[in-house]
Amino acid sequence: MVLDKAQFPRDKVCAGWITPAVVQALQLDAEDYARGRVLQPIAAFRTGLIHGRDLETRYPATVSFGIRRREFDHYLLERSGARLRLGEGLASIERRGTQWLVNGAITTPLVIGAGGHFCPVARHLGANLGAGEPIIAAKEIEFEMNPQQLEECRVRADAPELYFCRDLKGYGWCFRKGGYLNIGLGREGGQGLADALGDFCGFLAQCGRIPRNIPDRFYGHAYLMYGHGVRKQVDDGVLLVGDAAGLAYPESGEGIRPAVESGLMAAASVLEAAGDYSARRLQSYADRLRARFGPEPEAARTVATGSLRSMVARVLLGNRWFTRHVVLDRWFLHAHQPKLLMT
Ligand SMILES: Cc1cc2nc3c(=O)[nH]c(=O)nc-3n(C[C@H](O)[C@H](O)[C@H](O)COP(=O)(O)OP(=O)(O)OC[C@H]3O[C@@H](n4cnc5c(N)ncnc54)[C@H](O)[C@@H]3O)c2cc1C
């Protein structure tokens, strides 16, 4: 059973960029999906520093897709075949022997916390939601362009634009998906987010990249990068997946792929547990996460926030080879990470 506080289709604050690994892991039928939904192929990127020079990197084939979360999440939910309890938030969760009692009405031996960064199941496992965790805070808008905006928009649909903050503590994006435009910016910690976003939008307008008169109401959200904070992922009768477990890639903030892959890994471990959902039996899920996403969080933090990387990146962002092979292939496309093979 899927319990979600929202009714679907619902909006989700997200740029909606997915890498081919997501399409593969979900066994997404692209032709079926694209019927009446946005599936924007991406074959190039424009990158640079905000207020700096940019450069375009083009690939010989499609390297990513743009989707709208409103459509994507609804499609997956319907395809799942799960029993749905929508429009109902998780209000209470109590342990009764080897069972859980959820909202005083649902009895289950296993709960999978998939409620995103502020997941109440993560809170139940001791996560310090909203306080003390080194989050990324981001704001964005997504809107359908009118004919005048379509004419004025110079962002090409197959070439999203990424511009880094000068202190390299975040980046802004401008992402056209068919007739929709998504503009946003994310920063470590969230300090200075509003100013950085205002500065970024001013820069885009000044360069004439975006239409005049875009909506001014941006929507925000926060989340945790893998290695930046430690959340307990497994306990008796319970697992956390996706943002609830803090799995997004630290270099890019891509969180859909880790959310999907962790869901698949959780499913494999649950099946293996064959009805014994003790923390000991479910530990294989935590082991799978570590094998997939890398070393213990403490070790990963050193790599992700190393000042050496920041210094080097600042100098090399204008370099074609570095942009293509490190910024795009490695940080954003994670092309070095093989497909998830479930054993
Ligand atoms: C501005 C921004 C842009 C981003 N852009 C990208 C991108 O382009 N590509 C990418 O890969 N990642 C992106 N991310 C990250 C990505 O959105 C997340 O990592 C991803 O959505 C995590 O998926 P999830 O299923 O774990 O959580 P979510 O997508 O947050 O889903 C959580 C679900 O739980 C439900 N829920 C929450 N609380 C409760 C409750 N109390 N009771 C019941 N249900 C509840 C919610 O309604 C929601 O449906 C972006 C994030 C932000 C903030």
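Asn103 sits in the loop that joins β9 (99–102) to β10 (106–108); helices (H or I, at least four residues) and strands (E, at least two) are DSSP runs, numbered from the N terminus. Its phi is positive, about 55°, although Asn103 is not a glycine. Asn103 counts as buried, because its relative accessibility is 18%; buried means under 20% relative accessible area, exposed over 50%, and partly exposed in between (1.4 Å probe, protein chains only).

This is a predicted model, where local features need pLDDT of at least 70, side-chain atom pairs count only at pLDDT 80 or more, and totals for chains, interfaces and linings use all residues. Residues are numbered from 1 along each chain as its sequence is written, and side-chain values use heavy atoms, with hydrogens and water left out.

**Confidence**
- The protein chain has a mean pLDDT of 92; pLDDT is the predictor's confidence in each residue, from 0 to 100.
- In this chain, 94% of the residues reach 70 or more.
- Residues 299–306 have a pLDDT below 50.
- Where pLDDT is low, the predicted coordinates should not be read in detail.

**Backbone**
- Asn213 also has a positive phi, about 60°, and is not a glycine.
- Asn213 lies in the loop between α6 (193–206) and β16.
- Asn213 is exposed because its relative accessible area is 67%.
- The peptide bond from Phe8 to Pro9 is cis, with omega near 0°.
- Pro9 is in the loop between β1 (2–4) and β2 (17–18).
- Most residues other than glycine have a negative phi, and most peptide bonds are trans.

**Ligand**
- Around the ligand are 30 residues, of which Asp4, Arg69, Leu90, Asp243 and Ile256 come nearest; near means that a heavy atom of the residue lies within 4 Å.
- A polar side-chain atom of Asp4 is 2.6 Å from a ligand oxygen atom.
- In Arg69, a side-chain N or O atom lies 2.9 Å from an oxygen atom of the ligand.
- Leu90 uses its backbone: an N or O atom there is 2.8 Å from a ligand nitrogen atom.
- The shell around the ligand gets at least two residues each from β12 (136–144), β16 (219–223) and α7 (256–273).

**Thr57**
- Thr57 belongs to strand β5 (residues 54–58).
- Thr57 counts as buried because its relative accessibility is 6%.
- Beyond neighbours within four places in sequence, its contacts (heavy atoms within 4.5 Å) include Ala43, Phe45 and Leu328.
- Tyr75 is 18 residues from Thr57 along the chain, and their C-alpha atoms are 31 Å apart.

Notes. Polar contact = N/O pair within 3.5 Å; in protein donor to acceptor, adjacent residues only side chain to side chain.
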